Amino acid sequence: MSKEFQDHQIRDVIRINYKYTMGGHSKFFIELMNNKKLLGTKCNKCGKTWMPPRINCSDCYAPADWVELKQTGTIEVSTIVWYTTSAFIKAIPYGIGFIKLDGAETALLQGIFSENLVPSKIKKGKKVKAVFNKKREGKMTDFFFVPEDEYENWISKPEYEGGE
Ligand SMILES: [Zn+2]
């Protein structure tokens, strides 16, 4: 860069009001919001059960049907989050991981919260259960997972509830 050039920067904010569609996956978000159900899909050709759901099977491309999955699952891999966006900054530190719900053959990336977060609480193979926000908007942030032994404590908090 030339020594004569001096960059002048002004910090500003752009607000954008917009909406977007979940398209063929809308049913997942509507059932999550209204009924606290976690829906996956099952391929009607090869029988693979997808979570997150796929409208068409990603292995054989055949159409898949909606199926309700259990709200318990197993951690496949996880980590603890220390740096995040403004949307989640108050939750730091928290876990995220790939959770394979009981009955599903693929894993869902989702938050894993713990009252006493240490790596051993959210390690591979640990059982977790879904907890739902009482105020839901049809978004992935409407629910999260907790270690199975903390489930009753989490759903007794005023802002959360169990799904089943
Ligand atoms: Zn298939």
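This note sets out numbered points on the fold, the core and the local backbone features of the structure above.

1. Basis of the model. The model is predicted: local features need pLDDT of at least 70, side-chain atom pairs count only at pLDDT 80 or more, and totals for chains, interfaces and linings use all residues. Residues are numbered from 1 along each chain as its sequence is written.

2. Composition. The chain holds 2 helices and 9 strands. Helices (H or I, at least four residues) and strands (E, at least two) are DSSP runs, numbered from the N terminus. Read from the N terminus, the order of elements is α-β-β-β-β-β-β-β-β-α-β.

3. Overall dimensions. The chain has a radius of gyration of 19 Å, whereas a compact globule of 164 residues would have one near 15 Å. This radius is taken over C-alpha atoms, and the globule rule is 2.2 Å times the number of residues to the power 0.38. The C-alpha trace spans about 65 × 40 × 30 Å along its principal axes.

4. Of the 164 residues, 27% count as buried. A residue is buried if 20 or more other C-beta atoms lie within 10 Å of its own, exposed if 12 or fewer, and partly exposed in between, with C-beta atoms placed from the backbone. Two residues are in contact if their C-beta atoms, placed from the backbone, lie within 7 Å. Among contacts between residues at least 6 apart in sequence, 50% join residues at least 24 apart.

5. Two strands pair if DSSP finds at least two bridges between them. Strand β1 (residues 38–43) is joined to β3 by 6 bridges in the antiparallel sense, and L38 has L69 in β3 as its bridge partner.

6. Pairing around β4. Strand β4 (residues 72–81) pairs with two strands named here. With β5 (residues 94–101) the pairing is antiparallel over 8 bridges; G73 has L101 in β5 as its bridge partner, and T79 stands opposite I96 in β5. With β7 (residues 127–133) the antiparallel pairing covers 3 bridges, and the partner of T72 in β7 is K129.

7. The β5–β6 hairpin. Strands β5 and β6 run antiparallel and are joined by 5 bridges. The bridge partner of G97 in β6 is Q110. The two strands form a hairpin with 6 residues between them, and G103 in the turn has a positive phi of about 100°.

8. The nonpolar core. The largest nonpolar core has 27 residues, of which L101, I112, V131 and F145 touch the most other members. Such a core is a set of buried Ala, Val, Leu, Ile, Met, Phe, Trp, Tyr and Cys residues joined through C-beta atoms within 7 Å. The elements that give it two or more residues are α1 (26–35), β1, β3, β5, β6 (108–112), β7 and β8 (143–147). Leaving aside residues up to four places away in sequence, L101 touches L38, M51, L69, K70, G73 and L108. In soluble globular proteins, nonpolar side chains tend to be buried together.

9. Cis peptide bonds. M51 and P52 are joined by a cis peptide bond, with omega about 5°; P52 is in the loop between β2 and β3. A cis peptide bond also joins I92 and P93, with omega about -10°, and P93 lies in the loop between β4 and β5.

10. K36, in the loop between α1 and β1, has a positive phi of about 55° although it is not a glycine. Y61, in the loop between β2 and β3, has a positive phi of about 70° and is likewise not a glycine. Are these two residues buried or exposed? K36 counts as buried because it has 20 C-beta neighbours inside 10 Å, whereas Y61 is exposed because 12 other C-beta atoms lie within 10 Å.

11. F88. This residue lies in the loop between β4 and β5. F88 is partly exposed because 14 other C-beta atoms lie within 10 Å. The C-alpha atoms of F88 and T141 are separated by 9.8 Å, although the two residues are 53 residues apart along the chain.
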